[in-house]
Amino acid sequence: MTRTDMAASPLRKEDARLLRGQARCVDDVHLDRMLHAVFIRSPMPHAEIVGIDGSAALAAGAALVLTAADLPFIDKPWVVRYWHPKIRNGMPKFLATDRVRYVGEPVALLVAEDRYLAEDLAALVEVDYRPLPPLASVEDARAPGAPILHPEWDGNVAAAFRLEQGDADAALAGSVHLAKGRFTFGRQTPLPLECRGVVADYDADRGDLTVWMSTQAHYNVRQNLATVLGLPEYQVRVIAEDVGGGFGAKSRTYAEELVISHASRVLRRPVKWIEDRLENLQATTHSRGVTTEIEIGCDAEGRFTGLRASVVLDLGGYVFTSGIMTAEIAGAHLPNCYRFPHQQIDVQCVGTNKTPIATYRGAGQPEAVFPIESLVDRLAKRAGLAAAELRRRNLVTPADLPHRLGTTIAGLKVAAESGDFPALFEAAVADSGYSEEVQDLPDGRRLAWGLAAAIEASGLVNFETANIRIDGAGLVTVFCGMTTQGQGQPTTYAQVCAEALGVQLDRVAVRMGDTQLVPFGRGAFASRGAIFGANAVLGAAQALRDKALGCAGQLLQCDPGELRIEEGRICRAGAGPTEIDLAAIAQAVGPGGQLFSGDAALEAQYVFKSDQPVTYGMTVHVAQVSLDPRTGFFAVKDYLVAHDAGRVLNAMIVDGQIVGGAVDGIGGALFSELLYDGEGQLLTGSLADYMVATAPDVPRLRLVHHETRPGTNPLGVRGIGEGGTIAPGAAIANALSRAIDPHGSAQEAGLSVLPLSPERVFAACRAAGR
Amino acid sequence: MRLHCEVNGEAVDREVEPRMLLSDFLRHELRLRGTKVGCEMGVCGACTVIVDGEPVRSCLLFAVQATGAAVRTVESLAGSDGLGPLQDAFHRHHALQCGYCTAGVLMTLQALAERGALPREEGAVREALSGNICRCTGYQNIVDAVLDVAS
């Protein structure tokens, strides 16, 4: 499989139905006798629940009102994929029991004949709250005498741990130049355009449950539905056929799918719940929300000596079902793509009365890259070096590989095993036109460049399943344990299968997003679609090819080693095609065929499993901004992303992922912030308040591809779903800082909080002008 | 209330609740699932349909406000011989990923195309797209698809 073949970029097989409006998202599912649900959510950030009275709603026509007291499984544990040993419990119940800990927490469920009626009736459910003092910030949570959110959370700390290598204190003390700062990455949310939703249909007679939902992680949902509701796992089916974006918001199980499924079981009717945007902003997990105090040093030659940091996550009211993954990665990735011989990183997750934190595209990596890459620019000033030069002197080189970052994720030592970071860096600098000279424009504005380099992790969560079947007409179907939210898997998996098996691309169909397809899988998150999904498809296709060639050898009475498959036909080495094709083999293998030996079909299943926990790559983002220092008004004028995707399966799709991710990151750096008031009320409850990038906000992005092959997987691919989102905050902040303070005379430009809102930039301009 | 209108060229005559939104009527009553809903308040543009030639947010209209009007949804764009020109350009330029915003983007552009107002310059295309949020593509390939069709 050569890169040229695969990078030919066939257009997407899945487009036509999406373009015609034929996608079937969860709200497009309509079942006979289906009822509609709304959740009654806490309007209080912190309160005791004194009582809940649904009688008026029931009297007015509600089909069902459920509270925690009505859930027989209320004390059952969640099934989580991975758990950090330092987490001190504090997971939510499926509905709030005696206390609510954030605005939007589900308290009760109401079911009625239609959604409009359900919303009317929900207003009749009376919940009696006794307010408790809200912890609206980490400072509130740490104040003496602050109420403790969960009994195990001593000091409202939900988890704390240290990542350590060498002696950072001594290394910093012995440094020639030092820089330190305090950086905050504001709270954000993944914001898929489709909100979450569930349709549950419990069949009481068969005792099985079918759930349609908008999720990235259908198998984890199935595990939870089976164990929490007490159903056989293979009688629970979770279908996520078309999903309108995920970005980490849907990569875990939420309480809603369990409660809706239970309601269907109680009512013996299908029940639909579709999250509205207010609920989405309140109750779908948030992310970022990290403050990092960090100090780094270098010697007289500009070589990094040590790194000491304290990473504090504003966790919200609960540890949610993906644990504290983002805090772990935010800490573990601080050394970034550099050699830091000594480091000491303290990570603390502090409970507050806000929505729980979980993953969002990048998952802790943007939170790490913003502080370290901002601080490298500041240290360069102190050391009298160009910011690019200081990076050059410290980048991990090919000679350093495998390079251990010195930190761990999920208890595993993380290491970059491949790549050419200096070459990628130089390509980014050269191709972008990056310069550290600030250009003064005649109208008083300034043009300045900034860059940020980043290590890029992909492929966490370590296996995936594919099954490939060939029918009697020779048509190939790939079944995979993945889901798709538009990342192109139906096309790239078909490419990988077609290439490995030896069939035409248009003969291959891909099915995924249904737990009935393969016994177990994972889903689409952690940039694992290519590394795990495509390698599972490769393994299954190779096994199926060998099986088919073995059958062909029997039919042709020759050594299978002399045979190969081309465009679905069996060919002899050195000779032309035979009369046998995959259709004939499929017919021969199946029941009634001459080679039948008990197999139902010509098929092969393969689970790709890797012991390498993470595949690392590198990306460099270069931004040019224009700034009016009098007003603080600025715009991103030019933007370049250099990246290493490993082997490119479909260049069109890879580029789409990089550009889409980077624009999401740019919007996040410029606009997106979930704001709470001092009482713990969410102020940004609509898309008029919570902003993301729109088309005029961003320039045309330029891409630079630099390809090296990782050894972590047979295809030699790296994940590319998240890399674009990792570095924009740091790159743009560095450009703006340079524009604000062109000669480095001010102490620090002070752009240490994301997003770079107008008031923050204006304040930094004012500070530099004094 | 009684609602008479035309949807994708077919006459519709239905009894609807006065408060039913046009988006819900199209999606759940007529089962035209191509129109999507993203914010319920007219910001994201996903629910854009064409009413009497104008692009409108179907989440901001009551169904009964379409009385007497001709409504067109994304389902009207493809003919029996294949995708429409904008749809085809979106396919060729990889201008969609999850596809959830796509119907609204297409109908916004279709309304411009029908009056010959599809922009031919990148900045103007980006302005034309400013009322549609796409979370996947970063807009760049949408811009390219529009420029392709407009030229």
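Guide: Let's begin with chain B. Residues 24 or more positions apart make up 62% of the contacts in chain B that have a separation of 6 or more. Bear in mind that this is a predicted model.

Visitor: What scores does the model get for ipTM and pTM?

Guide: The ipTM is 0.98 and the pTM is 0.96. For chain B, pLDDT averages 97, and 100% of the residues score at least 70.

Visitor: How many helices and strands are there in chain B?

Guide: Chain B has 5 helices and 5 strands. Along the sequence the pattern is β-β-α-β-β-β-α-α-α-α.

Visitor: And what are the dimensions of chain B along its principal axes?

Guide: The C-alpha trace of chain B spans about 45 × 30 × 25 Å. Its radius of gyration is 15 Å, which agrees with the value near 15 Å for a compact globule of 151 residues. Of those 151 residues, 56% count as buried.

Visitor: Why is Asn8(B) counted as partly exposed?

Guide: Because Asn8(B) has 18 C-beta neighbours inside 10 Å, and the partly exposed class lies between the cut-offs of 12 or fewer for exposed and 20 or more for buried. Glu40(B) is partly exposed too, with 19 other C-beta atoms within 10 Å.

Visitor: Now chain A. What is its secondary structure?

Guide: Chain A has 20 helices and 30 strands. With a radius of gyration of 27 Å, close to the 27 Å from the globule rule for 770 residues, chain A is as compact as a globular protein of that length. Buried residues make up 59% of chain A. Among contacts in chain A between residues at least 6 apart in sequence, 81% join residues at least 24 apart.

Visitor: Which residues touch the most other members of the largest nonpolar core?

Guide: Leu110(A), Val111(A), Val478(A), Cys497(A), Val537(A) and Leu736(A), out of 310 residues in that core. Helix α15 (residues 529-556) of chain A gives the most to the core, with 14 residues.

Visitor: What is Val478(A) in contact with, beyond its neighbours within four places in sequence?

Guide: Its contacts include Ala466(A), Ile468(A), Tyr493(A), Cys497(A), Arg511(A) and Val537(A).

Visitor: How many residues of chain A are in contact with chain B?

Guide: 43 residues of chain A are in contact with 45 residues of chain B. Helix α17(A) gives the most to the chain A side, with 8 residues. That side divides into 23 nonpolar, 11 polar and 9 charged residues.

Visitor: Last topic: where is the cis peptide bond with omega about -5 degrees?

Guide: Between Leu401(A) and Pro402(A). Pro402(A) lies in the loop between α12 (387-392) and β16 (403-409) of chain A. The bond from Leu754(A) to Pro755(A) is also cis, with omega near 0 degrees.

Definitions and conventions
Residues are numbered from 1 along each chain as its sequence is written. Chains are lettered from A and ligands numbered from 1 in the order in which they are written. This is a predicted model: local features need pLDDT of at least 70, side-chain atom pairs count only at pLDDT 80 or more; totals for chains, interfaces and linings use all residues. Two residues are in contact if their C-beta atoms, placed from the backbone, lie within 7 Å. Helices (H or I, at least four residues) and strands (E, at least two) are DSSP runs, numbered from the N terminus. Ala, Val, Leu, Ile, Met, Phe, Trp, Tyr, Cys and Pro count as nonpolar, Asp, Glu, Lys and Arg as charged, and the others, Gly among them, as polar. A nonpolar core is a set of buried Ala, Val, Leu, Ile, Met, Phe, Trp, Tyr and Cys residues joined through C-beta atoms within 7 Å. The radius of gyration is taken over C-alpha atoms; the globule rule is 2.2 Å times the number of residues to the power 0.38. pLDDT is the predictor's confidence in each residue, from 0 to 100.
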